[in-house]
Amino acid sequence: MRTDIFARLDREPEPPKIEIPRMSRTRLALFGGTSAFYLAIVVAVLASTWLVALDWKLMLFRPYEQWPEQHPFLDYFVTLGQRGPTAVMVAAWLGWRSWRQHTLRPLLALGAALLLLNVTVGAVKIGLGRLGPHYATQIGSAELFAGGDIFPSGHTANAVVTWGILAYLATTPRARRYLSALSAVVSLGVGLTTVYLSTHWLSDVLLGWAAGLLILLGLPWCEPLIARAEAFILGLREQWRRRRASAPSLPVASGGPRPAVFAQRGTEAGQADGAPREPVAGVGPTPGRPSAGTRTATHDRSRAHARSERTPVTPSGSRRPPRSRPMTGG
């Protein structure tokens with residue numbers, strides 16, 4: 001059993017056939033219903049209806065004062081909705097999945113979901129400019145267009161997307177059910193924790209749930225773009241590998257063949273320190289042609305022989321000094 005557990009951690013020999021979710025009728029119906037819920041929450045807050053009154057009642061109730069013993073634990077639990085820690089944890093898991101299954105789709109799907117989250121949620125936050133409970137100025141007011149960035153809840157939407165992407169990328173129906181239940185519990189808990197800590201209105205949390213669910217439901221529309229991006233990145237990798245394989249190799253080492261330039265330098269160095277060197281092919285004298293040192297010695301002997309022929313020799317064997325020319329004149 002222990003061997004089977006570790007075998008599952010190894011890389012699969014071939015990429016598995018992964019079923020990519022499509023925009024079915026059920027998914028389209030859920031997307032439409034969630035969109036209607038999203039618009040209803042926005043309209044209810046803009047019109048300052050009963051939902052805004054409920055926001056104020058929960059804020060003035062101050063849940064963190066009613067149950068203070070839960071405060072330390074929930075301070076840590078709410079970090080499961082923060083963008084940085086959750087993105088790093090989920091990206092690490094999906095990176096291992098990408099390596100094991102020979103595909104970049106898990107990481108690219110996470111990147112596409114987070115990009116959609118930043119664009120859609122960020123645009124609504126800045127456009128409505130709602131202030132949070134701790135910065136509210138008038139009781140009963142919706143606190144809209146006041147320079148805030150609290151509506152919808154980013155913690156809640158991020159929890160829905162980052163943990164829900166695990167269920168979206170699951171390869172078996174059983175894993176998809178379990179991961180869907182886990183992501184729902186975490187996102188619900190994070191949203192209610194922000195209401196407990198009075199960092200968000202209840203309507204912020206409702207809109208955050210809807211915003212994150214819309215991104216997960218609409219993600220199949222991004223699958224063709226994800227496939228093209230994966231093919232482009234893998235094509236660049238193959239080009240880099242071919243260039244690296246065709247690059248010329250540098251001369252290696254002792255004991256192997258050396259280029260003529262390096263061999264000539266080694267011969268000159270050996271002549272400089274007096275150590276004998278074996279002749280290297282392509283560098284020594286050409287057959288049938290004397291080397292530079294041989295030509296110099298032959299030339300010196302020829303000059304000495306010519307001088308000896310010009311100088312007369314006496315019978316005793318000593319050289320006779322040259323006859324001086326008679327001086328004429330005065």
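Trainee: Why is Phe 145 called exposed?

Mentor: Phe 145 has a relative accessible area of 59%. Buried means under 20% relative accessible area, exposed over 50%, and partly exposed in between (1.4 Å probe, protein chains only). With 59% set against that cut-off, Phe 145 counts as exposed.

Trainee: What am I looking at, by the way?

Mentor: It's a predicted model, so local features need pLDDT of at least 70 and side-chain atom pairs count only at pLDDT 80 or more, while totals for chains, interfaces and linings use all residues. Residues are numbered from 1 along each chain as its sequence is written, and side-chain values use heavy atoms, with hydrogens and water left out.

Trainee: Where does Phe 145 sit, and what makes its backbone worth a look?

Mentor: Phe 145 is in the loop between helix 7 and helix 8. Helices here are DSSP runs (H or I, at least four residues), numbered from the N terminus. Phe 145 has a positive phi of about 55° although it isn't a glycine.

Trainee: What is the cis feature at Phe 151 and Pro 152?

Mentor: A cis peptide bond joins those two residues, with omega at about 5°. Pro 152 is in the loop between helix 7 and helix 8.

Trainee: Ser 198 has a positive phi of about 60° without being a glycine. Is Ser 198 buried or exposed?

Mentor: Buried, because its relative accessible area is 3%. Ser 198 lies in the loop between helix 9 and helix 10.

Trainee: What makes Arg 105 and Glu 223 a salt bridge?

Mentor: Their side chains come to 3.2 Å, N to O. A salt bridge is a side-chain nitrogen of Lys or Arg within 4 Å of a carboxyl oxygen of Asp or Glu, so 3.2 Å passes. Arg 105 lies in helix 7 and Glu 223 in helix 11, so the pair ties together parts that are 118 residues apart in sequence.

Trainee: Why do both of them count as buried?

Mentor: Arg 105 has 8% relative accessibility, so it counts as buried. Glu 223 is buried too, because its relative accessible area is 7%.

Trainee: What about Glu 238 and Arg 241: how do you know that they pair up?

Mentor: Their closest N and O atoms are 3.8 Å apart, which makes a salt bridge. Being 3 residues apart in helix 11, they're separated by about one helical turn. An α-helix has 3.6 residues a turn, so residues three or four places apart point the same way. Glu 238 also meets Arg 237 in a salt bridge, at 3.5 Å, N to O.

Trainee: Why is Glu 238 called partly exposed?

Mentor: Because its relative accessible area is 32%. Arg 241 counts as partly exposed as well, at 43%.

Trainee: What do the buried residues of helix 11 pack against?

Mentor: Helix 7 (105-128) and helix 8 (154-168). Those buried residues are Glu 223, Ile 226 and Glu 230.

Trainee: What makes a nonpolar core, and which residues touch the most other members of the largest one?

Mentor: A nonpolar core is a set of buried Ala, Val, Leu, Ile, Met, Phe, Trp, Tyr and Cys residues joined through side-chain atoms within 4.5 Å. The largest has 54 residues, and Tyr 38, Val 90, Leu 94, Leu 117, Phe 151 and Ile 165 touch the most other members. Helix 10 gives the most to this core, with 10 residues. Val 90 is in contact with Leu 110, Thr 162, Trp 163, Ile 165 and Leu 166, leaving aside neighbours within four places in sequence.

Note on methods: Helices (H or I, at least four residues) and strands (E, at least two) are DSSP runs, numbered from the N terminus. Contact means heavy atoms within 4.5 Å.
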